[in-house]
Amino acid sequence: MSSDDDIVLVISNAPDLLLAKRIAHVLVEDGLAACVNLGAPVLSIYRWEGEIEGADEIPICIKTTAGRQQAVVQALAKLHPYEVPEIIVVPVIGGSAPYLDWVRAQAGGADS
């Protein structure tokens with residue numbers, strides 16, 4: 001059973017660096033995420049509406065709490081231009097205790 005102060009990673013992507021930066025700033029400024037990492041552009045290959053597609057995308061890795069994950073998912077869906085954006089939540093099962101405490105403090109927990 002998980003707790004609202006458990007740490008989760010939310011994985012997504014953006015079609016360009018400008019939008020990825022905007023998403024990162026909104027999530028951190030609104031206290032929904034402690035930190036957002038933007039990766040180097042990658043080529044994503046996928047099937048969409050029966051066709052094989054390819055697109056350059058910016059990977060996004062969001063550190064937050066389980067209590068904030070639904071708000072992060074909702075914000076991503078609102079900010080993202082894709083009809084079906086990739087939004088995956090992955091539980092964090094361990095790590096550096098001081099870092100995990102910092103994530104909890106920055107993301108405000110479920111009550112802030």
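User: Among contacts between residues at least 6 apart in sequence, what share joins residues at least 24 apart?

Analyst: A contact means heavy atoms within 4.5 Å. In this predicted model, 73% of those contacts join residues at least 24 apart. Aspartate 4 belongs to the segment before strand 1.

User: Which elements does the chain have, and in what order do they run?

Analyst: Read from the N terminus on. The order is β-α-β-β-β-α-β-α. That makes three helices and five strands.

User: How does the radius of gyration of the chain agree with that of a compact globule?

Analyst: For 112 residues, a compact globule would have a radius of gyration near 13 Å. The chain has 15 Å, which agrees. Along its principal axes, the C-alpha trace spans about 45 × 30 × 25 Å.

User: What does the accessible surface of the chain come to, and how much of it belongs to carbon and sulfur atoms?

Analyst: The total is about 6700 Å². Carbon and sulfur atoms hold 55% of that. As for residues, 34% of the 112 count as buried.

User: Is threonine 64 buried or exposed?

Analyst: Use the cut-off. Buried means under 20% relative accessible area. Threonine 64 has 0%, so it counts as buried. Threonine 64 is part of strand 4, residues 51-65.

User: Which residues does threonine 64 touch, leaving out those up to four places away in sequence?

Analyst: The list includes Asp6, Ile7, Val8 and Val10. Leu32, Ala33, Gln69, Val72, Val103 and Ala107 are on it too.

User: Now a loop. Where is tyrosine 82 found?

Analyst: Tyrosine 82 is in the loop between helix 2 (69-79) and strand 5 (88-91). At 26% relative accessibility, tyrosine 82 counts as partly exposed. Leaving aside neighbours within four places in sequence, tyrosine 82 is in contact with Asn13, Ala14, Pro15 and Glu57.

User: What kind of contact does the side chain of tyrosine 82 make with the side chain of glutamate 57?

Analyst: Look for N or O atoms within 3.5 Å, one able to donate a hydrogen and the other to accept it. The two side chains make a polar contact at 2.8 Å.

User: Which residues does alanine 40 touch, not counting those up to four places away in sequence?

Analyst: Alanine 40 touches Glu57 and Pro59. Glu57 is also in contact with tyrosine 82. The C-alpha atoms of alanine 40 and proline 59 are separated by 7.1 Å. Alanine 40 is in the loop between strand 2 (35-38) and strand 3. Its relative accessible area is 56%, so alanine 40 is exposed.

Note on methods. Residues numbered from 1 in each chain as written. Predicted model: local features only at pLDDT ≥ 70, side-chain atom pairs only at ≥ 80, totals over all residues. Heavy atoms only, no water. Helix = DSSP H or I, 4+ residues; strand = E, 2+ residues; numbered from the N terminus. Buried < 20%, exposed > 50% of the residue type's maximum accessible area, 1.4 Å probe, protein only. Rg over C-alpha atoms; globule rule 2.2 N^0.38 Å. Areas by Shrake-Rupley, 256 points an atom, 1.4 Å probe, with all protein chains shown as cover.
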